[in-house]
Amino acid sequence: MITLLNCGLFSLGKSATRGNQDSIMPPKIAGGGYIMAVADGVGAYDGALEASQMAIKHLSNSVIGDDLNIGEMLSVIKKDISKLSESNANFRRAATTLTFCYINKNSLYIGHIGDTRIYARKGRKLVQLSTDHTQHQELINEGLFTKKELKGMKGKNTLTSALSKVIDLKYQETHYSLSEIVDADGALDLYIMSDGAHYFWEKRPRFSDNTLRNPVRFASSLQKRIEKATPIDDYSLVAASFKIS
């Protein structure tokens with residue numbers, strides 16, 4: 001049995017005048033479990049908000065069960081985003097990242113495109129479960145550079161994949177048995193952050209143990225950290241704690 005204990009979230013724009021291109025989905029009952037997500041509209045193109053909203057709307061309306069087909073779901077979302085240009089020609093290059101997870105009593109399923117990240121708490125640390133689709137990460141994956149060598153070089157935030165009419169579909173699909181990630185108390189804590197949020201988490205990836213174990217406290221603390229330092233982009237977080245029994 002899986003029980004949602006609590007959740008913390010925020011989704012805010014870099015500035016009041018610019019607006020917010022991110023869209024989020026808090027944990028929602030789906031099949032025998034829960035689904036949650038963050039989509040980050042690619043702000044360089046018209047239709048970014050509409051694209052991120054379309055991705056979340058599709059997930060929210062989907063009938064999801066243990067036979068979840070992530071590739072098929074992402075293909076349908078891509079088609080829906082492609083149709084945005086039928087009503088507005090300026091939306092031809094509309095694009096969004098999307099990271100979501102589905103948790104049932106046995107497994108965690110992750111669908112991921114872009115540089116939004118999903119983390120799971122392991123002890124007093126958050127472990128990243130997704131891999132960024134960026135130029136820097138591709139260079140690291142190919143063994144051409146280390147993360148340290150790339151520090152300060154251009155391309156860190158340049159996406160190599162997104163949900164868009166003009167980009168070929170490339171995504172990460174990951175599956176974990178809950179026995180791999182649930183702690184000794186039967187707790188599973190998950191955090192999905194857009195790049196505007198995880199940028200500030202990675203600069204200083206630590207909070208007290210009590211804060212890490214409580215998504216409400218985590219969300220409040222991370223939001224305060226971001227706003228104290230001045231946001232660099234729209235910033236969103238969906239965090240949730242589940243009890244597995």
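At what angle do the axes of helix H7 and H9 cross? Let us look at that and other close-ups of this predicted model, in which local features need pLDDT of at least 70 and side-chain atom pairs count only at pLDDT 80 or more, while totals for chains, interfaces and linings use all residues. Residues are numbered from 1 along each chain as its sequence is written, and side-chain values use heavy atoms, leaving out hydrogens and water.

**View 1. Helix H7 (residues 195-203) meets H9.** The axes come within 10 Å and cross at roughly 90 degrees (axes are lines fitted to C-alpha atoms, for helices over the stretch in contact, with angles from 0 to 180 degrees between N-to-C directions). H7 is therefore roughly perpendicular to H9 (65 to 115 degrees). Gly196, Ala197, Phe200 and Trp201 in H7 touch Phe218, Leu222, Arg225, Ile226 and Ala229 in H9 (contact means heavy atoms within 4.5 Å).

**View 2. Threonine 230 sits in the loop between helix H9 (215-229) and strand E12 (235-244).** Here phi is near 85 degrees, a positive value in a residue other than glycine. Helices (H or I, at least four residues) and strands (E, at least two) are DSSP runs, numbered from the N terminus.

**View 3. Five strands form an open sheet in the order E2-E3-E5-E6-E10, with antiparallel pairing.** Strands E2 (22-30) and E10 (172-177) are the edges, each pairing on one side only (a pair needs at least two DSSP bridges). Strand E3 (residues 33-40) is joined to strand E5 (residues 98-103) by five bridges, and isoleucine 35 stands opposite tyrosine 102 in E5.

Notes. Angles under 35 degrees count as roughly parallel, over 145 as roughly antiparallel, 65 to 115 as roughly perpendicular and the rest as oblique.
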